[in-house]
Amino acid sequence: MTKPTLVIALGGNALLKRGEPLEAAVQKQNVEQAAAIVAALAQTWRVVLVHGNGPQVGLLALQNSAYTAVAPYPLDILGAESQGMIGYLLQQALKNRLPSQEVSVLLTQVEVAADDPAFRSPTKYIGPVYSALQAAALSREKGWAMRADGVHFRRVVPSPHPRRIVEQHAITALLAQQHLVICGGGGGVPVVCDGELRHGVEAVIDKDLCAALLAEQIHADALLILTDADAVYLGWGTPHQQPLARLTPAELAGMAFDAGSMGPKVEAACRFVSAGGRVAGIGALQHGTTILTGQHGTLIQAGRNGNHADHNGPDNTAY
């Protein structure tokens, strides 16, 4: 019997946590933790893994701009580099845990519109956190757009909406051969079409929206968004913040979330469910095996009654 298909969107901040040194050893340790969760899910699901690259591509951009003898490489090429770097670490960690499972990493391009309004309004966080003084200095020195991220500041870049996964058929073919597929890293390398030709653009696509589009296109059964937050919260960061346990896309449509962090995750989950997906879950990486059962995190399903209360315990009928 073929397992149901699950698309997992693994946040870049789950691989390099806020405030941690951007070092290979730290990232590898975090990848091992993520691989343990993904490997457990792969026992009952046919997994497609999409990962973020915000901290990683920001680090590559810093390293890139430090060497002034050549012109800095553009973000689309840095995004491709991050796909190889993170994909390699995930592939190795997963293969070590699942020696009989084929694990494939696919460099993935994603088409965006050249006139997407996101190019005029950067919102996507990349790179490490900075103090207000550091952020102001970087903005003057490098011309970067900076924005508050909690009590710190981070660089923000354009995040156009994904329109088409270029390598969709290759992903489908690998799934048909029972591969665990790692793809769409960093939301995919953003490209625009000029007639029959494609070229990269200076942007970073949101990996959650990419994962939702991919899940819709391959007719996945579920979408799981793993991040460093344990649930979607109403009034996040205020004294009255409340976790959201179960909601419908219609209920979430009337709520506001930060465009640079939780907003795209909620939008991605709602898009997938509204397009016919059975269930979408959002929650912390360490709860990855229990989010879709309703024990942790936030579940989005069509026709469910939402509530703003704490989680009510196991519910194996979530899927």
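**Entry 1: salt bridges.** I began with the salt bridges, and the count by the rule I used came to nine. I kept in mind throughout that this is a predicted model. I then looked at one pair by name: the side chains of Glu111 and Arg164 meet in a salt bridge, with 3.0 Å from N to O. I noted where the two partners sit: Glu111 belongs to strand S4 and Arg164 to strand S8, so the pair ties together parts that lie 53 residues apart in sequence.

**Entry 2: the sheet.** I next asked in which order the strands of the open sheet are arranged. I found four strands in the order S8-S4-S10-S11, with mixed pairing. Strand S8 (164-165) and strand S11 (197-200) stand at the edges and have a single partner strand each, so one side of each is left without a neighbour in the sheet.

Strand S4, residues 109-111, and strand S10, residues 189-194, pair in the parallel sense over three bridges. Among the bridge partners I wrote down Gln109 with Val189 of S10, and Val110 with Pro190 of S10.

On the other pairing of S10, I saw that S10 and S11 run antiparallel and are joined by four bridges. I noted that Val191 stands opposite Gly200 in S11, while Asp194 stands opposite Leu197 in S11. S10 and S11 form a hairpin with two residues between them, and in the turn Gly195 has a positive phi of about 70°.

**Entry 3: the two domains.** I turned to the domain assignment of the chain, which gives domain 1 as 5-113 + 161-301 and domain 2 as 123-157. The contact takes 17 residues from domain 1 and 14 residues from domain 2. I also recorded that the centres of domain 1 and domain 2, taken over C-alpha atoms, are separated by 22 Å.

I then asked how much area is buried between domain 1 and domain 2. The value is about 1,200 Å², and carbon and sulfur atoms give 59% of it.

**Entry 4: polar and charged pairs across the interface.** I looked for salt bridges between domain 1 and domain 2, and the count is one. I also noted the salt bridge in which the side chains of Asp206 and Lys124 meet, with 3.4 Å from N to O. For polar contacts across the interface of domain 1 and domain 2, the rule finds three residue pairs, with both residues at pLDDT 80 or more.

Last, I asked which element gives the largest share of the side of domain 1 that touches domain 2. Helix H3 (residues 54-66) does, with eight residues. By class, I listed that side of domain 1 as nine nonpolar, five polar and three charged residues.

Note on methods. Residues are numbered from 1 along each chain as its sequence is written. Side-chain values use heavy atoms; hydrogens and water are left out. Domain bounds come from an automatic or database domain assignment. Contact means heavy atoms within 4.5 Å. Buried area is the accessible area (1.4 Å probe) that two parts lose on being put together, summed over both. A salt bridge is a side-chain nitrogen of Lys or Arg within 4 Å of a carboxyl oxygen of Asp or Glu. A polar contact is a pair of N or O atoms within 3.5 Å; within protein, one must be able to donate a hydrogen and the other to accept it, and residues adjacent in sequence count only if both atoms are side-chain atoms. Ala, Val, Leu, Ile, Met, Phe, Trp, Tyr, Cys and Pro count as nonpolar, Asp, Glu, Lys and Arg as charged, and the others, Gly among them, as polar. Two strands pair if DSSP finds at least two bridges between them.
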